Amino acid sequence: MTLATPSDFQPLGQPTPPSSSGGLQPEGWLRYLSFSLDHKVIGLQYLVCGFLFYFLGGALAGVIRTELASPISDFVSRETYNQVLTLHGTVMIFLWIVPVVNGGFGNYLIPFYVGARDMAFPRLNAVAFWLIPPAGLLLISSYFLQGGAAQSGWTAYPPLSITTPALGQVLWILSVLLLGGSSIFGGINFIATILKLRRPGLELMQLPMYCWAMLGTSILVVLSTPVLAGTLILLSFDIIAHTGFFNPALGGNVVVYQHLFWFYSHPAVYIMVLPAFGLVSEILPIHARKPLFGYTTMVYSIMAIVVLGLVVWAHHMFTSGTPPWMRLFFTIATAFIAVPTGIKFFNWLATLWGGKIALNSAMLFACAFIVNFVLGGITGVALAQVPFDIHVHDTYFVVAHFHYIVYGGTVFVIFSAVYHWHPKFTGRMLNEHLGRLHFVLTFIGFNLCFAPQHWLGLNGMPRRVAEYDPSFATWNQVSSVGALLMALSTLPFLVNVVASAFRGEPAGDNPWNALTPEWLTTSPPPVDNWAGEAPLVTHPYGYGASEDRIDLRLATGRQLWGDPER
Amino acid sequence: MAIPSSLITLLLGMALVLAGLWIGQNVSLLPLDASSNAPVYDSLFQVLFSIGAILFLGIVGLLVFSLVRFRRRPGDLGDGAAIEGNLPLEIVWTAIPAVVVLFVGIYSYDIYERMGGMAPLNDHGALHAAPAAAQHHGHHSPADASTGVQLAAASPAAHSGAIPAADGDKPADPARVWGGIGVSGAAGAGGEALTVDLTAMQFAFIFHYPQGNIISGELHVPAGRQVDLHMEARDVIHAFWVPQFRLKQDVIPGQPTVLTFTPTRPGSYPIVCAELCGPYHGGMRSTVVVEEPDAFDSWLAKNTPPAPATVADSGSTPTA
């Protein structure tokens with residue numbers, strides 16, 4: 001069944017493995033605290049560092065939900081509340097989701113998938129990672145300095161960001177600039193690795209889907225992140241040097257800032273979800289024992305999302321000043337993103353159909369991702385309609401929508417991926433019972449937390465408020481209970497990951513009997529990834545191929561759909 | 001005995017569509033409707049809700065069915081069917097969402113036009129900034145839009161008598177007066193439009209009635225008559241939102257903006273600031289009181305200061 005054919009390889013140049021670079025790289029666990037050049041070490045550094053920030057961001061969310069458990073501002077001061085919501089958004093986006101789904105899994109998996117021994121630019125890779133901890137510490141430290149952290153939300157709209165305490169805002173800008181730089185370095189590295197470091201004989205259209213997702217994501221990163229960087233530098237000039245780029249009192253224009261900001265920050269949504277789409281495309285076929293359905297359309301739909309994702313930014317600005325033609329254009333463009341996205345979801349459902357599905361923790365999280373993301377996508381298409389958006393823009397409806405996308409979507413996939421690849425990372429399985437407990441708590445908690453927020457937004461609760469109309473108290477309390485469940489759900493996860501890393505059941509090299517290249521080596525893999533040549537995997541999803549491959553040109557509908565037990 | 005699976009699929013599909021339509025029609029998630037465009041909005045919401053419910057229930061149903069029907073039986077280590085794709089199927093699930101999305105887009109465009117959102121910004125601004133300056137000028141036809149433009153330029157100066165506007169010292173370019181939703185929609189529902197000036201600041205909405213030179217912390221409007229709200233922000237971006245009107249418009253410093261609506265249902269509704277504007281953003285709320293025309297006229301008469309007011313106090317403080 002395994003299609004890797006180590007015998008018919010072409011000779012590959014043997015790059016020097018990073019570990020043998022004259023003993024400069026530490027061995028053992030110290031590697032993870034070092035300037036290691038090994039893509040697997042860097043991937044895990046991203047992952048662990050991301051989880052630390054996730055717990056910080058989660059604690060900040062806890063502060064928000066505690067404050068909102070009562071209609072009056074009674075838990076933290078209003079200034080602190082605004083700092084907390086700003087930090088929560090910034091940490092979760094720039095220090096958790098973007099680094100983990102791109103840097104974490106990307107660095108670990110992409111070299112395996114293209115048949116390389118490391119990324120194209122290992123030193124740039126290490127630099128990209130090591131920008132993150134100082135940037136995160138800078139952001140956190142601003143909370144303890146004079147005036148506190150930034151208070152203007154993760155969007156930092158001027159003039160508010162110009163008038164709030166300057167030190168916190170400037171440190172926020174510095175931190176985001178560092179993180180944006182890290183993201184750009186990573187993006188360049190992924191593009192170069194995927195396009196130039198493929199093993200001889202491996203075609204682009206034979207790559208695992210995550211490579212395509214990372215290629216699309218990296219294109220978005222490289223095209224749009226510099227725009228954010230330039231915008232934030234101009235904003236910092238407005239704050240420090242009292243220039244007037246975005247300051248209406250000095251002739252500036254705040255709407256220009258919004259255009260520039262969202263030119264990055266809408267693609268940022270795809271930077272957060274496209275890699276998750278890629279990871280799901282790897283996980284579903286393995287646990288359903290079926291080929292990924294519609295490989296070619298999946299590739300094209302990723303690229304369509306990339307192109308469309310660059311031309312929809314102004315749908316965040318329907319209530320600020322946008323001319324009617326722009327509203328119409330951005331409505332249609334935004335709604336049309338649903339088409340390639342829908343293709344991916346239908347393909348995943350078709351992948352599951354007729355499979356032999358193992359409902360383990362990885363699969364539960366992946367399937368819950370489909371449920372959550374479909375709901376978030378439906379509210380997203382609704383939000384793209386200008387008249388609909390006019391009512392619910394900047395309300396809790398939007399908060400619910402994007403948490404269904406980034407938490408219900410991406411974070412669920414991150415958990416799924418951890419259950420799926422933990423055996424590869426450590427050589428040990430995670431505990432299934434704790435995994436399912438984690439899943440049930442997370443799924444219930446998540447939906448309890450965010451589903452009521454749709455109603456709150458529709459009925460008049462704006463976002464980013466520390467106090468609200470008492471008639472919204474009940475559903476806010478339900479939401480806070482959901483948040484508490486989500487917080488509790490991380491406990492079985494933490495126990496599971498830590499305990500299993502040392503005492504888990506040994507996994508063997510390929511516990512899922514998978515075909516993608518990272519499983520065709522030892523667990524954990526050696527420093528140079530494979531003992532010998534990299535395997536040539538031309539059918540990464542070739543499940544079921546040996547027994548009953550159906551010629552589609554001759555197949556009838558009944559053959560395809562009639563008897564799944566065949 | 002054996003029912004053809006295509007028949008079952010068809011019946012399930014029909015049941016799904018009916019369930020979605022029923023949900024859209026009967027599950028109400030929206031607050032009271034109190035403006036002329038709220039029912040229009042609600043009909044869009046029903047359509048979107050129905051389509052969304054059909055899609056969500058269908059996809060989740062299919063997913064749950066697959067997970068149960070195709071679960072791996074104990075001891076089964078084999079693979080599923082080696083189906084790698086199906087072009088007709090791909091075409092179907094590309095075309096159907098594309099058609100649905102296009103339909104939704106065109107329908108919401110139509111709704112938007114009925115709500116008055118598609119008027120060009122500059123014409124709109126010129127047309128409606130004018131009455132603010134010429135207080136009893138009455139209706140402007142598009143023909144005298146040129147006078148409208150000139151008058152609009154004087155508009156901020158007229159404000160600054162009662163409320164010192166943020167940029168009162170520099171003339172506003174009339175081409176930069178923006179329109180929110182509503183100009184071509186319910187115009188003229190109750191004769192002449194009522195003009196109200198709104199100044200948004202940290203952390204309050206201040207309403208000014210040029211007609212009676214009243215300054216008020218809450219908005220009083222008559223039912224059934226069009227209101228032109230001329231909005232300016234003093235410091236940072238705010239947003240004027242009345243959930244029961246289904247209307248929201250950002251109020252941006254340096255950018256005079258007009259929002260037009262026609263309240264329909266008498267009552268008191270919240271005005272909410274929807275754009276993060278500082279620590280007390282959550283407390284930046286006010287009330288719009290929609291009154292019967294007679295009650296509104298007496299409110300206006302009661303609160304109009306007797307002398308030409310330079311400093312007017314707010315006579316209206318019944319907090320709802």
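User: Into which domains is chain B divided?

Analyst: This is a predicted model, in which local features need pLDDT of at least 70 and side-chain atom pairs count only at pLDDT 80 or more, while totals for chains, interfaces and linings use all residues. Residues are numbered from 1 along each chain as its sequence is written, with chains lettered from A and ligands numbered from 1 in the order in which they are written. Domain bounds come from an automatic or database domain assignment. Chain B has domain 1 (10-67 + 95-114) and domain 2 (122-303). Their contact takes 10 residues from domain 1 of chain B and 17 residues from domain 2 of chain B.

User: How many residues of chain B are in contact with chain A?

Analyst: Two residues are in contact if their C-beta atoms, placed from the backbone, lie within 7 Å. On that basis, 78 residues of chain B contact 86 residues of chain A. Helices (H or I, at least four residues) and strands (E, at least two) are DSSP runs, numbered from the N terminus. The largest share of chain B's side, 14 residues, comes from α2(B).

User: Is Val227(B) buried or exposed?

Analyst: A residue is buried if 20 or more other C-beta atoms lie within 10 Å of its own, exposed if 12 or fewer, and partly exposed in between; C-beta atoms are placed from the backbone. Val227(B) is buried because 22 other C-beta atoms lie within 10 Å. Val227(B) belongs to strand β6 (residues 227-233) of chain B. Not counting residues up to four places away in sequence, Val227(B) touches residues including Ala193(B), Val221(B) and Phe261(B).
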